[in-house]
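Here is a briefing on aromatic pairing and nonpolar packing. Please keep the structure open while reading.

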Number of protein chains: 2
Amino acid sequence: MKRIKVSNNVIRRMPRYLRKLDDLSAAGVERISSGELGRQMGLTPSQIRQDFSCFGEFGQQGYGYNVVALRGEIAKILGMDRSYSAVLVGVGNIGRALMENFCFEQYGFTLKGAFDINPELIGQEVHGVTVHNFSELEPVLSQLQPDVAVLCVPKSMANSIANEVAKAGVPAIWNFTNIELQFEEEAPIIENIHFSDSLLTLGYYLAESMDEAAARAARSNHA
Amino acid sequence: MKRIKVSNNVIRRMPRYLRKLDDLSAAGVERISSGELGRQMGLTPSQIRQDFSCFGEFGQQGYGYNVVALRGEIAKILGMDRSYSAVLVGVGNIGRALMENFCFEQYGFTLKGAFDINPELIGQEVHGVTVHNFSELEPVLSQLQPDVAVLCVPKSMANSIANEVAKAGVPAIWNFTNIELQFEEEAPIIENIHFSDSLLTLGYYLAESMDEAAARAARSNHA
């Protein structure tokens with residue numbers, strides 16, 4: 001695959017395209033123009049063409065995109081064909097929610113094991129995945145060689161466990177701990193799920209809409 | 001507050017600044033230059049100054065930013081002083097994880113109620129919040145008048161429930177259902193938590209680093 005440095009914003013739109021193409025495919029749509037795709041996604045057609053041009057030429061002038069073919073290209077760009085393996089560290093509420101409800105396989109990942117310190121969980125299976133004793137982290141990681149560790153431990157332990165995981169050679173961490181991880185040695189690839197950032201962004205837009213409504217009300221009172 | 005249209009990218013950096021300033025404050029740092037703040041956050045000083053200039057003038061030439069004062073300004077920008085109220089719809093794993101572990105209060109939100117269809121949950125309290133029968137959605141929403149509905153229901157019901165919530169006048173939805181909600185009437189403010197988008201982005205960066213390592217190995221074999 002063509003590998004040029006692509007901006008983070010473009011990369012983050014790829015999963016959105018994937019979802020949209022899955023929806024279109026499910027609705028029986030076979031091809032779509034960049035104009036129509038843009039309209040449905042709130043993007044300009046030229047932005048869409050530019051995004052895809054980072055990875056090759058997927059459309060045909062005057063014909064548009066073949067939905068299934070474009071979906072396949074994007075899946076490849078995202079590495080969904082690479083059979084990544086993952087482990088989950090911390091089987092609390094959020095860890096368990098992911099193990100029971102999140103379809104890792106659908107996105108090209110297989111969950112190969114989990115870790116916790118709770119004696120009631122150790123040795124059990126959650127949704128078909130064995131929970132190991134956290135004290136076995138290092139030997140089990142060196143046996144499983146996962147591509148990703150899903151980090152769901154309490155904040156207070158997050159950084160030290162992330163460092164253990166990185167030292168064990170795991171190349172990427174999916175971080176649910178809501179802290180910015182700091183590494184003593186070379187940092188792995190980190191992808192953060194920050195619930196609070198998302199809620200605060202929602203708070204911003206709420207504040208904005210309230211202030212705009214108040215301003216409109218003030219103007220109409222003056223009129 | 002000054003209200004100009006600010007780009008989504010700038011807004012999404014505000015919660016990151018907030019977290020960084022909280023960390024600095026906890027570490028006893030009283031002031032910080034845009035240069036140092038940028039170094040710690042992977043941003044350029046001019047980007048930082050530009051971001052804040054969207055909302056006013058918070059720094060002082062040659063002095064830098066007062067950490068506590070800047071934190072207060074950003075909290076206000078994000079509406080954290082507005083005492084938002086929220087309800088949660090769908091007390092499954094993820095809903096329960098949020099109710100038990102996510103500190104809504106810390107971000108200016110109070111969880112006033114929850115809804116589920118499970119008879120074992122209805123009438124119970126989860127972390128001090130009453131679970132109402134989903135059939136009571138409309139009257140309870142009209143009584144509580146929440147600013148936000150946290151949507152944690154299964155995918156198959158997500159869209160119809162989101163529309164019910166919107167029709168009941170809830171101005172914003174925090175969407176954990178992993179689908180793009182579609183509204184029959186005016187759409188509320190939507191903030192999506194897309195776990196899959198995040199994991200797929202991680203998959204992209206993993207693929208990139210694998211391809212780069214393979215390319216390096218190929219080059220050194222040729223040398």
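**Cores and rings**

The largest nonpolar core has 116 residues, and A:Trp174, A:Phe195, B:Trp174 and B:Phe195 have the most contacts inside it. A nonpolar core is a set of buried Ala, Val, Leu, Ile, Met, Phe, Trp, Tyr and Cys residues joined through side-chain atoms within 4.5 Å. Buried means under 20% relative accessible area, exposed over 50%, and partly exposed in between (1.4 Å probe, protein chains only).

This is a predicted model: local features need pLDDT of at least 70, side-chain atom pairs count only at pLDDT 80 or more, and totals for chains, interfaces and linings use all residues. Residues are numbered from 1 along each chain as its sequence is written, chains are lettered from A and ligands numbered from 1 in the order in which they are written, and side-chain values use heavy atoms, leaving out hydrogens and water.

- Beyond neighbours within four places in sequence, B:Phe195 is in contact (heavy atoms within 4.5 Å) with residues including A:Phe102, A:Trp174, A:Phe195 and B:Phe176.

**Aromatic pairs**

- Rings of Phe, Tyr and Trp (its six-membered ring) pair if their centres lie within 6.5 Å; planes under 30 degrees apart are stacked, over 60 edge-to-face, the rest tilted.
- Over all chains, the count is 25 aromatic pairs.
- A:Phe102 and A:Phe104 pair edge-to-face, 4.9 Å centre to centre with 80° between the planes. A:Phe102 is buried at 11%, and A:Phe104 is buried at 2%.
- Ring pairs link a cluster that includes A:Phe102, A:Trp174, B:Trp174 and B:Phe195.
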